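Please examine the sequence and the structure shown below. The report that follows describes selected residues and then the chain that holds them.

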Amino acid sequence: MFSAGAESLLHQAREIQDGELQKFCSRLSQLLGAEDMGPEAVDALQRLFLIVSATKYPRRLEKSCVDLLQAPLHSPAGPEQVQVLCAAILREMSPYDSLSLSCERAHDARQLSLLASVLLAQGDRRQEVSSVGQRVCKVLESRQPEGPSLRHLLPVLAKVISLAPGSLQEEHTGPLSKRLLEWLRHASVQQGLPRSGGFFPAPRARQPGPVTEVDGAVATDFFTVLSTGQHYTEDQWLNMQAFSVLRAWLLHGGPEGPAGPNADNRSELEGSMLSVLSAASTASHLLPPQERLREVAFEYCQRLIEQSSRRALRKGDADLQRACLVEAVLVLDLLCRQDPCFLYRTLACLRELPGRLGTDPACVRALLPLAQFFLNHGEAAAVDSEAIQEQLFTRVPAQLFHSPVLALEFVQFCQDNLHLLGRATGILSRSFPNLLKFLAWNSPPLTSEFVALLPALVDAGSAVELLHALLDLPCLTAALDLQLRTSLAPSERPLWDTSLRNPSCLEALRDPQFQGLFQYLLRTKACGSVERLSPLHQLLQPMAGCARVVQCAEAVPTLLQAFFSVVTQFADGALTSQLALLLLERSDSLYAVPGFEAGVHRVLSSQFLVLCQRKPSLVVEQARALLELVGHVGSVCSKASLVTSVVWAIGEYLSVTCDRRCTVEQINRFFEALEALLFEVTQSRPSATLPACPPQVITALMTTLTKLASRSQDLIPRVSLFLSKLRTWAPGPSPVHSEDVAAVRTRATELLNLLRMPSVAQFVLTPSAAVCNPRYHRDTHTALPLALRTASRLVEQEAGLLPA
């Protein structure tokens, strides 16, 4: 969040009109055209940068002003602050068609980095990316004295590789690979001299000492990014930056990954032989530059793994250790994918890591790239990766669900390895209760990722349990919130902690009577059984209004839609019946979050119709549950959409044509239940306990009763009498619109007229399959096309006889 002063400045910058902006640019042009650009020009440039960056739409400046903004970038003697601001303004305005910048006119590396940042922001419409990359490579390859500004070019190189991977040719990659391996392997192990400056002369400095490890010991091996010191030399800075771009450079210059054309042709025997030869080789300097860089990269990562096991003296160094460990494992994974000769040496480095990382909660993020490595290479190296997978999927989501970065990385890891973790091992479908904890705590940013992940979580054995888990997801969020808060000391809890205002929630979490339900809700693996969580819904009701719980509830309808779109592709008859019954039962057993029930009922109503369409006999099989639903008038207003769908399904599929087990007695039983329900919702006056019935429910009830009467004609007099009363239906004082009342009366009139011709009513309301899927437009031998053609000819002849 911004402060009040910053918000005021942003508001002023957004409110500046084009006329005022042009006047300001004219004044700025005068300042930039002066020979001596002082503090006033810097202040004006800062204001212009705020203006162009504060709005979402691009601000357009006059060409003369843009030309003056480009001029300092080509001047070697221009003030550095002015050049940086000009480059920032031009980047914010990108893409811009009238730029005249060129990397060839750069005088030093710092100026080249500023020019490159502007050119790369333009896109690659004029091959700018390729020209920038070639120019940067040429400067980095040169043996000119390496000033401090040379460090600015390696980030530019990484940006070029990401934007246009094929823009650099072999003549550029080879020499630059040599420079990278020199910076990685031959950086100084002595600390640098402090910079002298200030008014008072610096005293005679002592000879700089050696760099140290993170635990304070003197470094005895080559310099890495984890080596520490008071001051760093230029080659040490280049060493750090070279490691930061190493993975991108190896990926750019090496062969294709495991999906490449040559990756599958290498046998395991060839890989083991190359490993032995490479380990015993003493002539690595005879290898091509890219191969030598891989050898140096392997040694560098090997040393980083050793350094990461040391006990850091400072927290910042400990964080850096974990970050470098993750990057080192990723680089080693890439090396093994590009060249199998590194596989067995890498296994020797990584063999002890799972045990060490498993005992340190702070190093859990490194388990993801480590698991990725064993997934990629475990089969080739005859190493079982199931142990680390079980450790990863069992422990991490349960303990670190509240880490948003780890949650995103974990879900992306699952998405990237669906072919390895999905149907083959089944670990995703077994561990979905644990994975849903990430979703329950981080539902807004992870909803789309879980929608894509759902096909791997659902199978015939886990579908019912997963559907219960999705419906109870907001309750899981509340339970996780309580679990996290109870792990904190009372003095550390935030003031907005709802558990402090509602101690009953904490007492319920500790109550042995409810421990079994909480353990089931917080389980780590699918158990194949279902527990009713209605008692927890009541106990956790005080937390239903928490922002995190409400956000999670808003994501559930989207997840339910994705779930049913997957399940309906493989569900058999038994599973379809089970899901339909579950929808009816859980419609009354939902966590009472504001707006949650209405959203869930909309999805359940539409999906119930889909299930009935797939299996029309559901209405007969689930007759008891359906009669129970339509037998309570209170359910009409609380879940109107679901009741409407159920009533429509009864009228559509309660027929002997859909299920031969359907009898006249069953039709009469449904008829009486629906007739009583329609009488209650139309004759009773709305009140606080019984609000007005939605008109779509009334029209669905009338239509269904008419359909049932057309199949059992003894019921026609009763329906006709009811419909004749509804033709003049006038609800009591209620918020029902006059248009809705007119629609109900019109429908009653139409149905009543239809019932006067029972045979026609049965044909219209219960058409056969031949009527629903006619072949009249395809079959020319039927009588209808002949009759239509004859009638059209007669009409044309009669029209020709009429006077003009």
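Leaving aside neighbours within four places in sequence, Gln666 is in contact with Val620, Ala623, Leu654 and Arg661. The model discussed here is a predicted one. Gln666 is found in helix H37. Glu680 also belongs to helix H37, which covers residues 664-683.

Glu680 has a relative accessible area of 37%, so it counts as partly exposed, a class that lies between the limits of 20% and 50%. The table sets out these values.

| Residue | Relative accessible area | Class |
|---|---|---|
| Glu680 | 37% | partly exposed |

How far apart are Glu680 and Val633 in space? Their C-alpha atoms are separated by 7.2 Å, while 47 residues separate the pair in sequence.

The chain as a whole may now be considered. Its secondary structure consists of 43 helices and zero strands. The protein chain has 804 residues, and 48% of them are buried. Among contacts between residues at least 6 apart in sequence, 75% join residues at least 24 apart. The accessible surface of the protein chain amounts to about 39700 Å², and carbon and sulfur atoms account for 55% of this surface.

Note on methods:
Residues numbered from 1 in each chain as written. Predicted model: local features only at pLDDT ≥ 70, side-chain atom pairs only at ≥ 80, totals over all residues. Heavy atoms only, no water. Helix = DSSP H or I, 4+ residues; strand = E, 2+ residues; numbered from the N terminus. Buried < 20%, exposed > 50% of the residue type's maximum accessible area, 1.4 Å probe, protein only. Contact = heavy atoms within 4.5 Å. Areas by Shrake-Rupley, 256 points an atom, 1.4 Å probe, with all protein chains shown as cover.
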